[in-house]
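This briefing is intended for a reader who is meeting the structure for the first time. Please keep the sequence and the model in view while reading.

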Amino acid sequence: MTDAKKAQKKATTPTRRTKPTDRTDAAADGFTEEERSAMKERAKELRAASRGGSRASKAEKAAEAEAEVVAKIAELPDEDRVLAERVHALVKANAPELAPRLWYGMPAYAKDGKVLCFFQPASKFKARYATLGFNDVATLDEGVMWPTAFALTGLDPAVEDRIAALLKTAVH
């Protein structure tokens with residue numbers, strides 16, 4: 001190609017715009033640092049699951065997943081940790097068929113491989129309160145509108161009874 005043709009091609013080829021790389025605020029990509037961190041944790045969880053791991057038995061893998069959940073709970077700040085430990089105990093007592101696992105770096109409990117409920121610590125997204133959430137597989141349907149997430153600032157016997165009832169409904 002001659003120099004003239006190269007110059008003509010360059011003049012008619014649109015220049016590629018590049019994104020500014022110095023923007024690190026949430027407005028740059030629409031996600032907060034906490035949200036990006038949660039997405040990275042989820043990607044890590046998916047990579048680990050796709051590798052299949054060792055030839056460990058199903059029971060060994062379940063024990064390993066529960067150990068990861070317990071370790072993640074232990075890392076939480078005191079207020080979140082106390083709530084998460086109690087929620088974990090309530091799940092184990094009232095829905096032992098649910099499999100503990102991490103989901104976006106949060107303690108979660110799955111039925112048939114799908115996350116049924118999860119504990120979102122207040123510290124995870126710098127929120128005012130922790131959340132106990134249920135996904136659609138929980139089928140907590142009540143008419144045409146029902147809650148799927150519950151704010152938790154503390155646990156008392158009435159709240160624990162409500163959580164137990166929700167868990168029992170969700171797993172059946």
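This is a predicted model: local features need pLDDT of at least 70, side-chain atom pairs count only at pLDDT 80 or more; totals for chains, interfaces and linings use all residues.

Residues are numbered from 1 along each chain as its sequence is written, and side-chain values use heavy atoms, with hydrogens and water left out. Helices (H or I, at least four residues) and strands (E, at least two) are DSSP runs, numbered from the N terminus.

**Helix 6**

- Helix 6 comprises residues 157–171, which is 15 residues. From first C-alpha to last, helix 6 reaches 21 Å, close to the 21 Å expected at 1.5 Å a residue; the expected span is 1.5 Å times one less than the number of residues.
- The buried residues of helix 6 are E160, I163, A164, L166, L167, A170 and V171. They lie on the same side of helix 6 because they cover an arc of only 165° around the axis, the arc being that of the directions from the helix axis to the C-beta atoms.
- On the other side of helix 6, P157, A158 and D161 are exposed. Buried means under 20% relative accessible area, exposed means over 50%, and partly exposed lies in between (1.4 Å probe, protein chains only).
- The cover over the buried residues of helix 6 includes helix 5 (78–94) and strand 2 (106–111). It also includes strand 3 (114–120), strand 4 (130–134) and strand 5 (149–152).
- The N-terminal end of helix 6 is capped by D156, with a side-chain oxygen 3.1 Å from the backbone nitrogen of A158.

**T131 in strand 4**

- T131 belongs to strand 4 and is buried, at a relative accessible area of 13%.
- Apart from neighbours within four places in sequence, T131 is in contact with F118, F119, Q120, A149 and F150. Contact means heavy atoms within 4.5 Å.

**Salt bridges**

- Side chains of opposite charge can pair when their charged atoms come close. A salt bridge is a side-chain nitrogen of Lys or Arg within 4 Å of a carboxyl oxygen of Asp or Glu. By this rule the count is ten salt bridges.
- K72 and E41 form a salt bridge, their closest N and O atoms being 3.0 Å apart. This pair links distant parts of the chain, with K72 in helix 4 (residues 58–75) and E41 in helix 3 (residues 33–51), 31 residues apart.
- K92 and E66 meet in a salt bridge at 3.1 Å, N to O. K92 lies in helix 5 and E66 in helix 4, so the pair ties together parts that are 26 residues apart in sequence. K92 is partly exposed at 38% relative accessibility, and E66 is partly exposed at 21%.
- E75 forms a salt bridge with K72, with the closest N and O atoms 3.8 Å apart. E75 and K72 both lie in helix 4, three residues apart, about one turn of the helix.

**K72 and its surroundings**

- K72 counts as buried at 19% relative accessibility, whereas E75 counts as exposed at 60%.
- Apart from neighbours within four places in sequence, K72 is in contact with E41, L102 and G105.
- A network of salt bridges links E41, K72, E75 and K124.

Note on methods. A polar contact is a pair of N or O atoms within 3.5 Å; within protein, one must be able to donate a hydrogen and the other to accept it, and residues adjacent in sequence count only if both atoms are side-chain atoms.
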